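Dear colleague,

Here is the structure that I promised to hand over to you.

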Amino acid sequence: MNTALILVDVQNDYFKGGRNELVNPEQSVAQAERALTLFREKDLPIIYIQHINLQEGATFFLPNSDGIKIHEQIYPLAKEKIITKHFPDSFFKTELHEYLKALDIKRLVICGMMSHMCIDTTVRMAKQLGYEVLLLADACTTKDLSWKDTLIPAEIVHKTFMASLQGTFGKVIDTDCLEYEISAI
């Protein structure tokens, strides 16, 4: 099956010193790097999604800032595709779907940041567009949220979103299982 790796928003603003630091982004990017290495070894398509926030009042991923740069640990090679987006959904008003169709991609391996926002939205849209989705849970992360004066720790936010996506919208796995999953290609 034609499979591509989609790395969503693994950008500097989510790391230490960034404008919207997440919880344990270093651990997530290390797992994303493992997936990236596997895809490079197998010469499979790799697509980076880079969010540039054009919304009024935006506080991170600001145009022309260091925060929008793709993290150095998984920096793209010249032959790897970068698609810019301006909304949480990696497909909305981007060339992603057309690009994947041109490559005859049927299955997506998705990872990146943030679990509760751009990962959730992208996975749900990918399923709606007919793709089979493998979501790498340990190669994603998020941040603490609050609701009605209650702090919801990032770990709970992440696990809740992985649980809600599992089954109906895709298969949620850890990176350790990835080689087995794509070896049947």
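Where does Thr 142 lie? Thr 142 sits in the loop between strand 5 and strand 6, where helices (H or I, at least four residues) and strands (E, at least two) are DSSP runs, numbered from the N terminus. Please keep in mind that this is a predicted model, in which local features need pLDDT of at least 70 and side-chain atom pairs count only at pLDDT 80 or more, while totals for chains, interfaces and linings use all residues. Residues are numbered from 1 along each chain as its sequence is written, and side-chain values use heavy atoms, with hydrogens and water left out.

Thr 142 is buried, at a relative accessible area of 1%; buried means under 20% relative accessible area, exposed over 50%, and partly exposed in between (1.4 Å probe, protein chains only). Leaving aside residues up to four places away in sequence, Thr 142 touches several others, among them Leu 22, Met 114, Ala 154, Val 157 and His 158, where contact means heavy atoms within 4.5 Å.

Ala 154, Val 157 and His 158 bring us to helix 4, whose buried residues are these together with Met 162 and Leu 165. Seen down the axis of helix 4, its buried residues fall within an arc of 125°, so they line one face of the helix; the arc is that of the directions from the helix axis to the C-beta atoms. An α-helix has 3.6 residues a turn, so residues three or four places apart point the same way. The face of helix 4 turned away from the buried side carries the exposed residues Glu 155, Lys 159 and Ala 163. The buried residues of helix 4 pack against helix 3 (115–128) and strands 5 (132–141), 6 (145–147), 7 (150–152) and 8 (171–173). Just after helix 4, Gly 167 takes a positive phi of about 95°.

What did the cysteines show? The structure holds zero disulfides, a disulfide being a pair of cysteine sulfur atoms within 2.5 Å. Cys 111 is in no disulfide, and the nearest cysteine sulfur, that of Cys 140, is 6.0 Å away. Cys 111 is buried, with a relative accessible area of 0%. The sulfur of Cys 177 is 14 Å from the closest cysteine sulfur, in Cys 140, which is too far for a bond, and Cys 177 counts as partly exposed at 37% relative accessibility.
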